[in-house]
Amino acid sequence: MLRPGRFVLLACIALSASGCGAVWSSRATPRPAPELPAAAPLAGSDKESESMVRFLEARVKSDPDDFVANNKLAAFYLQRARETGAFNYLELATRAAKTSLASVPVLRNAGGLSALTQTELSLHDFAAARDHARQLTEIDPSEGYPYALLGDALLELGDYDGAAVAFQQLQRKGGGISDSSETRQARLAFLRGDSANATHHFTTALVLALNYTVPPRETVAWCRWQLGETAFAEGDYATAERHYREALVTFPDYYRALASLGRVRAAIGDLPGAIVQYEHVVRILPDPSFVAALGDLYQLAGRERDAATQYALVEQIGHLSAVSGALYNRQLALFYADHDLKAEEAYAATAREYETRHDIYGADALAWTALKAGRISEAQAAIKDALKLGTQDAKLFYHAGMIARTAGHKDAARDYLNHARTLNPQFDPLQAMIASRALEN
């Protein structure tokens, strides 16, 4: 429930962000964002959640056909997955959702289908999530949440116009703007190269989330982290670090903010501080991207044996199970490409994924791995798709520059690499060094 005393503030926010019902324009003039609230610790509900999970697990054990209990159990597992990043919770959520749907069919069990769709999104089965979300829009046509799920799936599949329409429906059927609709508009804004409006939407989402009677800790921390990510993408390292630290005030040891804090410390030249942050986060969650980043920092620090250990761990995690393989396919392929390893394997993995998932970062991964596999023409075509939205991400321009350089287009290469360096000069500890060397030669 929203606090009644803040109704006027929220009404003003709604008017400023409504756009009179039109599909959002990526190049709209940015509106002043609402004032950013100060960070404060928020209470977690870990003990209460664990108690409820144990109760529900006992309930479904005694009555596997209790679909309501299974739906609630799936929701708790999904929340824990968001808070911790641990994919074992996704396996548990999938099992609970499927058990629910086996008990009561879809037409009378929108909750079970919603839970299954959310797990599919989290497990990167975006085509299945899209199909199930569309089914939810038919079962629950008056509700907004199916359109949130549909838009999320379409966004990841590269159907950006379709996602924009779905998010418009989310706002319309949900009765106006919400933290849910604003975070999605922010993602679209960033992808379309509009960081100012992305910041506006993330800030609005943060204000709305804080106005719940019990603000959801992970949602608030995630919004603050996303504000940091947007600032980092623009090379504003001081603002990015402030947002990451505020996320950690809200949610201590929040793994996303810990990793990003390590990245920003590296960007400003604090290599020991960056290593400390990444060592901390990989103890909490050994995500391949975190482990690879720590290996790169060890490499820069001259700790080659430690770097090799981390690099070996990246592959072990990436191939640990079918679940981790689906989640980390792109991360592992990019790791190989960044470190000039297994070029054909990396290219084959991204090419397979791009057959069904045509998002711009999939195009970028295909371009980068194709370059490393010596497929220059394919790399050129794919990087063109990666840049089509005008996304202001230095890595995209770095990849474009290196592809142009290999193809012999020196002027284009220089333009792309200069833009990457101007946008975010320390976008990656190792790759930024390679970009600088390429510009010098």
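Which residue lies over the face of F251? R217 does, at 3.8 Å from the ring centre. Before going further, note that this is a predicted model.

I will begin with helix α11. Helix α11 covers residues 217-233, which makes 17 residues. From its first C-alpha to its last, α11 reaches 24 Å, close to the 24 Å expected at 1.5 Å a residue. Of those 17 residues, 16 are buried, so α11 is largely enclosed by the rest of the structure. Just after α11 comes G235, with a positive phi of about 75°.

Next, the aromatic rings. Searching the whole structure gives 9 aromatic pairs. One of these is F202 with W222: the ring centres are 5.9 Å apart and the planes stand at 75°, so the pair counts as edge-to-face. Are F202 and W222 buried or exposed? F202 has 2% relative accessibility, so it counts as buried. W222 has a relative accessible area of 18%, and the cut-off for buried is under 20%, so W222 is buried as well.

A second pair is Y255 with F290. Here the rings are tilted, at 6.5 Å centre to centre and 55° between the planes. Again distant parts of the chain are linked: Y255 belongs to helix α13, residues 255-267, and F290 to helix α15, residues 288-300, 35 residues apart. Y255 is buried at 7% relative accessibility, and F290 is buried at 12%.

Last, a helix from elsewhere in the chain. Helix α6, residues 126-139, has 14 residues. Its reach from first C-alpha to last is 20 Å, close to the 20 Å expected at 1.5 Å a residue. Which residues of α6 are buried? Among them are F126, A128 and A129, along with A133, L136 and T137. What do the buried residues of α6 pack against? They pack against α5, residues 110-122, and α7, residues 145-157.

Conventions
Residues are numbered from 1 along each chain as its sequence is written. This is a predicted model: local features need pLDDT of at least 70, side-chain atom pairs count only at pLDDT 80 or more; totals for chains, interfaces and linings use all residues. Side-chain values use heavy atoms; hydrogens and water are left out. Helices (H or I, at least four residues) and strands (E, at least two) are DSSP runs, numbered from the N terminus. The expected span of a helix is 1.5 Å times one less than its number of residues. Buried means under 20% relative accessible area, exposed over 50%, partly exposed in between (1.4 Å probe, protein chains only). Rings of Phe, Tyr and Trp (its six-membered ring) pair if their centres lie within 6.5 Å; planes under 30 degrees apart count as stacked, over 60 as edge-to-face and the rest as tilted. A charge sits over a ring if NZ of Lys or CZ of Arg is within 6 Å of the ring centre and within 35 degrees of the ring normal. Contact means heavy atoms within 4.5 Å.
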